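Dear colleague,

I am passing on the structure we spoke about, and my notes on it follow. Please read them with the coordinates open beside you.

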Amino acid sequence: MNLNNFIENFADQFEETDASAFTPDTKFKELEEWSSLIALSIIAMVDEEYDITLKGDDIRNSATILDLFNIVKGKS
Amino acid sequence: MAKITFHGVGIKAMAACVPSKVVYNRDLGYLIPKEEIEKTIESIGIVERRVADEDVTASDLAYQAARQLLDDNGIDTSSIDVLLFMSQTGDYRIPATSCILQHRLGLAKTTACIDLTLGCSGYVFALSTAMAYASMEGVNRVLLLDGETFSKIVNRRDKVDWPLYGDAATATLIEKGDYGATTFLLNTDGSGEDAVKIRAGMRHRITADSLVEREQEEGNIRNELEVYMDGMDVFNFAISKVPRSVKEILKETEQTIDDIDFLVFHQSNKFMTDFFIKKLKFPPERVPYCIQKYGNTSSTSIPLTIVSELYNKLDGHKKVVMCGFGAGLSWGTALVDFKDCQITPVIEYERKVTKQ
């Protein structure tokens with residue numbers, strides 16, 4: 001699993017936020033565009049791309065994109 | 001896994017009734033930032049919903065749907081042996097609403113009446129119960145009424161739930177006859193009990209404090225008698241179970257996607273259903289939606305989708321897969337063999353007819 005790819009896939013779920021805003025340390029829930037619907041898109045993306053089903057707590061307990069990457073990696 | 005197959009019973013007729021009052025999601029500016037409203041509507045696919053008046057219940061809507069079905073098909077009320085009422089918003093905690101409906105509909109006192117309660121998976125489970133009764137010696141016809149008025153249990157300032165839910169009721173007449181096989185796969189995982197919940201009840205006794213509105217997660221407001229849903233956990237559950245259960249029913253019944261005329265999902269939200277279709281590679285033109293007009297009507301959504309979207313498309317023999325999933329957690333999938341099903345187009349609730 002590649003972190004840069006993950007960040008790219010993560011960023012693809014956003015429409016308005018500039019791609020440069022996404023780094024491993026981005027606190028994604030603090031992004032203006034973040035919403036519960038984008039959370040569903042992230043769950044769908046991880047299911048499609050990595051064949052892993054994220055729980056609500058996986059997202060709630062992650063502050064940064066790297067945190068979420070590590071959760072997905074840990075499940076794969 | 002409960003795998004059940006019935007022979008010689010089927011759905012003779014269906015009808016549905018919705019409140020006449022329309023609520024538009026574009027008017028949710030007080031709840032959702034204006035610039036996000038369009039995006040939210042597009043994603044959940046819900047433009048408008050129907051909301052019952054304060055004094056109109058799920059059983060009122062179900063009564064009119066039932067009346068319409070009985071009248072349109074010339075069904076003698078004395079021929080109904082069993083009445084099932086599937087709902088989580090019944091009239092009273094005691095007595096069962098099905099008993100009230102028996103009297104109101106003028107059904108015989110020899111009618112067996114039972115209330116059933118489940119969330120969005122409810123119709124599939126209730127249909128299996130109806131078919132089980134209809135299969136038995138001594139029972140010829142079962143009237144299954146499925147109605148919900150979630151507007152009575154959702155807080156208007158809950159931005160997760162309020163944009164989703166609408167009110168509606170449906171009537172389905174099940175009877176013995178020359179029908180093909182119908183197969184059900186019924187499943188439950190109670191470890192997910194917290195994903196969709198109304199907290200106050202017997203476990204947590206209802207007190208004056210239960211009615212106090214409080215700010216909950218992410219600024220959503222509700223009291224303890226109103227429904228809470230963890231959207232992410234429900235989605236997590238749905239994507240891991242729903243596409244698989246559709247594949248399973250095809251495998252169990254030795255059918256392929258090409259054999260299925262229509263795939264009817266519980267109308268949870270469009271984003272989710274679109275995702276399932278994509279995952280299953282199912283032709284989207286054979287997956288009807290009514291969510292844009294009626295929102296998520298809980299267990300009523302599957303029969304409402306059939307009545308609303310397939311009322312002139314189920315002539316002759318048709319194979320329909322239904323898939324309901326939700327609170328419990330509970331999920332059920334059925335492959336139903338429709339034969340000359342008589343469907344009345346959706347009617348709007350008329351106050352004068354039921355005022356007594």
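A residue is taken as buried if 20 or more other C-beta atoms lie within 10 Å of its own, as exposed if 12 or fewer do, and as partly exposed in between. By that rule D340(B), which has 16 C-beta neighbours inside 10 Å, counts as partly exposed. Please keep in mind throughout that this is a predicted model; it scores ipTM 0.78 and pTM 0.93, and chain B averages a pLDDT of 95, with 99% of its residues scoring at least 70.

To stay with D340(B) for a moment, the residue is found in the loop between strand 18 (330-339) and strand 19 (342-343) of chain B. Leaving aside neighbours within four places in sequence, D340(B) is in contact with D315(B) and G316(B). The C-alpha atoms of D340(B) and I249(B), which are 91 residues apart along the chain, are separated by 23 Å.

Helix 2 (residues 58-72) of chain B is mostly covered, with 12 of its 15 residues buried, among them A62(B), A65(B) and L69(B). At 1.5 Å a residue this helix should span 21 Å, and its end C-alpha atoms are 21 Å apart, so the two values agree. Just after helix 2 of chain B, G74(B) takes a positive phi of about 60 degrees. In the largest nonpolar core, which has 126 residues, A62(B), A65(B), L84(B) and L145(B) touch the most other members. Not counting residues up to four places away in sequence, A62(B) touches F85(B), L101(B), L145(B), G147(B), A169(B) and A171(B).

Turning to where the chains meet, the contact takes 14 residues from chain B and 13 residues from chain A. On the side of chain B that touches chain A, helix 1 (34-44), helix 5 and helix 6 of chain B each supply at least two residues, and the largest share, seven residues, comes from helix 5 of chain B.

In chain A, the buried residues of helix 2 include I38(A), L40(A), I43(A) and V46(A). The buried residues of this helix pack against helix 1 (3-11), helix 3 (56-60) and helix 4 (65-75) of chain A, together with helix 5 (231-252) and helix 6 (270-280) of chain B. The 15 residues of helix 2 (residues 36-50) of chain A should span 21 Å at 1.5 Å a residue, which agrees with the 21 Å between its end C-alpha atoms. Helix 2 of chain A is followed by D51(A), whose phi is positive, near 55 degrees.

With kind regards

Notes:
Residues numbered from 1 in each chain as written. Chains lettered and ligands numbered in written order. Predicted model: local features only at pLDDT ≥ 70, side-chain atom pairs only at ≥ 80, totals over all residues. pLDDT = per-residue confidence, 0-100. Helix = DSSP H or I, 4+ residues; strand = E, 2+ residues; numbered from the N terminus. Expected span 1.5 Å × (residues − 1). Contact = placed C-beta atoms within 7 Å. Core = buried A, V, L, I, M, F, W, Y, C linked by C-beta atoms within 7 Å.
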